[in-house]
Structures are given as C-alpha cells and as structure tokens.
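Thank you all for coming this morning.

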Amino acid sequence: MDSNKRTAIVTGAARGIGREIAISFYKKGYNVVMNYAGNDKAAEETIRLCKESGDGNIISVKGDVSKEDTARALVDAAMNEFGAIDVVVNNAGITKDTLMAMMKTDDFDRVIDVNLKGAFLLTQKTLKPMMKKRYGRIINISSVVGVHGNAGQVNYAASKAGLIGMTKSIAKELAGRNITVNAVAPGMIATDMTDSLSDKTKDQIKSTIPAGRMGTPDDIANAVLFLADEKSGYITGQVLMVDGGMGM
Ligand code: NAD
C-alpha cells in the first residue's frame, strides 16, 4: 500500500487510449487501478509496459463497466490497496455502428450502457471517498462525435453527447467540494477502434483534420494528465477537444 501517492482509476485500460492513460499515470508515480473487460493477456501487457516505464503502483480489476458490481469492485480495490481515490477516468467505450434505419435496439442499448451508464455507475461510487477527502478529478472520455454528431453512429454519438451533459451537471454539483469534472473529446485517434476503417475512409477523415494527421493515444493521455493535475483545480465542466482542429 502506498497512500502518499495520488490514486487513479482508469477503465478500459487493456489497450488503446486507456492503456496509454494508465502508463502515463504510472510514469508520473501514481497508484493506478486499471479496469479491463476480459482480455487477461492484454491487461498483463499494460501492467508490463507500466512496470518498465516508471515508479508507480498498479493493480487490475476485471469486469464490465456497465455492471454495478464492477464499479463497486474498482472502488473497493482502490480503497483497500491505496486508501484513496483521487482521479477517475471513464475511458471504456464501444461502437456498434450502422445507419439509424437499421440500428437494432439492443445495439443502441448496449452502447449507451457501456459508454454512458458505465461512467455514471463508477462516478457515483467514487463520490463518497472523494467528498470525504474534499479532492477529486473526474475525466470522461467523450468524442468529437458527441459534439458534432456522425452519420452511422446515432447510438455512439448519443452516448458521447450524454457524457458531456453528465460531465457539466456533476461539475455543477461538486465544484464547491474541490472536485472537478471534465470531458476530453478525442477526434480521430489511431487505435484498434479506428483500425477497422478502410484506408479510403481514413483518408477522407484525415482530409478534414487541419493538423493533417490522426491523433495518437499519447495525445489524449497528455490532455487527461493535464486535467488530472492538482494545479488544474479551477477548470471544471469543460470539454477539451483533442482533435487536431477537426471540430473547429
Ligand atoms: P479501444 O477499442 O482500443 O479500447 C476500448 C477499451 O474499452 C478496450 O480495452 C475494451 O476492452 C474496453 N471496454 C469495452 N467495453 C468494456 C466494458 N463493458 N467494460 C470494461 N471495458 C470495456 O478504443 P480506444 O480508441 O482506445 O477508445 C477509448 C475511448 O476513447 C473510448 O471511450 C472511445 O469511445 C473514445 N474515443 C476514441 C476515438 C478514436 O478515434 N479511437 C475517438 C473518440 C473517442
């Protein structure tokens, strides 16, 4: 147990943006509680990459973020192991894309459950320890699509727009308690999530990015670390677009 360090929970940290966020916190010396859905090997790889990169602590909790039990297990693990929760990053997310006319209700529900309800469940369970400590940084990973919408992503865009409304509402509830709540809205980031797009689609999207390139997980992790910093305490209820200018 190392209770002198700040403790951060990161969901969906077995790969992609979540993994990079976990590594970045670890590098900075945080205690990291990483959540992953089910891929033990990928989770072990995140832990290995952390351990070769810095001076933190890391534990993992397997579970589906849309289930209340997972939120409870994450909070219990953080409190039992490190005695505090300073930062929560709601990163876990999925897509189930298709045009509205063809979208199955189950696919709408599942995307909302993971991307939006998952963030609600974990955030709610971390409030008590954060309020008691009068300190907290909650960061929700939204999307440029949650601000601007996107054809073929009605469920995903609704979940990411919902996260923005939730971010601002919780920010208003908690601002007086030294707990900040912000969203990061990535643009087009090179991860497994975007890897399945055809080269033609990627080129089309790239042509709409003023920076002229896709983002990297590290671009997002930097923004998350900035918002998580103790010195960022006067920033709350904001949506930080990290998109190479795509959403201007
Ligand atoms: P990714 O698919 O590589 O990673 C998502 C992670 O979430 C995976 O590790 C996955 O196992 C985990 N996850 C999925 N369902 C889960 C569940 N029910 N419980 C626990 N974990 C679960 O995607 P990524 O690109 O790294 O995306 C990370 C976040 O960033 C997501 O919320 C995504 O919507 C958001 N985002 C990504 C992009 C992009 O271009 N890649 C753009 C905007 C927003």
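Predicted model: local features only at pLDDT ≥ 70, side-chain atom pairs only at ≥ 80, totals over all residues.

**Met-130 and its surroundings**

Let me begin with Met-130, which, leaving out residues up to four places away in sequence, touches Ile-85, Asp-86, Val-87, Val-88, Tyr-135, Gly-136, Arg-137, Ile-138 and Ile-179. Met-130 sits in helix 4, and because its relative accessible area is 0%, under the 20% limit, Met-130 counts as buried. To give you a sense of distance, Met-130 and Ala-78 are 52 residues apart in sequence, while their C-alpha atoms are 12 Å apart in space.

If you follow the chain out of helix 4, you come to the loop between helix 4 and strand 5, and this loop is where Arg-134 is placed. With a relative accessibility of 46%, Arg-134 is partly exposed.

Phe-25 lies in helix 1, and at 0% relative accessibility Phe-25 is counted as buried. Setting aside neighbours within four places in sequence, Phe-25 is in contact with Ala-8, Val-10, Tyr-30, Val-32, Val-87, Val-89, Val-224, Leu-225 and Ala-228. For contrast in position, take Gly-245, which is 220 residues from Phe-25 along the chain, with 26 Å between the two C-alpha atoms.

Next I would like to look at the ligand. How many residues surround the ligand? There are 27, and the closest of them are Arg-15, Asn-91, Tyr-156, Ile-189 and Thr-191. Sorted by class, this shell consists of twelve nonpolar, eleven polar and four charged residues. Helix 1, helix 4 (105-133), helix 6 (154-174) and helix 7 (192-195) each provide at least two residues of the shell, and you will remember that helix 4 is the helix in which we found Met-130.

Some of the polar distances around the ligand can be stated one by one. An N or O atom in the side chain of Arg-15 is 2.7 Å from an oxygen atom of the ligand, and a polar side-chain atom of Lys-160 is 2.8 Å from an oxygen atom of the ligand. In the case of Val-65 the backbone takes part, with one of its polar atoms 2.9 Å from a nitrogen atom of the ligand. Taken on its own the ligand has 820 Å² of accessible area, and the protein covers 92% of that.

I will finish with two loop residues. Ser-66 is in the loop between strand 3 (57-62) and helix 3 (68-82). Is Ser-66 buried or exposed? At 6% relative accessibility, Ser-66 counts as buried. The side chains of Ser-66 and Arg-110 are joined by a polar contact of 3.0 Å, and, apart from neighbours within four places in sequence, Ser-66 is in contact with Arg-110, Asp-113, Val-114, Lys-117, Gly-118 and Leu-121.

The other one is Gly-152, found in the loop between helix 5 (144-148) and helix 6. Gly-152 is also in the buried class, with a relative accessible area of 14%. Leaving out neighbours within four places in sequence, Gly-152 is in contact with Asp-97, Thr-98 and Leu-99. Gly-152 and Ala-221 are 69 residues apart along the chain, and their C-alpha atoms are separated by 27 Å.

Conventions
Residues numbered from 1 in each chain as written. Heavy atoms only, no water. Near = heavy atom within 4 Å. Polar contact = N/O pair within 3.5 Å; in protein donor to acceptor, adjacent residues only side chain to side chain. Areas by Shrake-Rupley, 256 points an atom, 1.4 Å probe, with all protein chains shown as cover. Helix = DSSP H or I, 4+ residues; strand = E, 2+ residues; numbered from the N terminus. Nonpolar A, V, L, I, M, F, W, Y, C, P; charged D, E, K, R; others polar. Buried < 20%, exposed > 50% of the residue type's maximum accessible area, 1.4 Å probe, protein only. Contact = heavy atoms within 4.5 Å.
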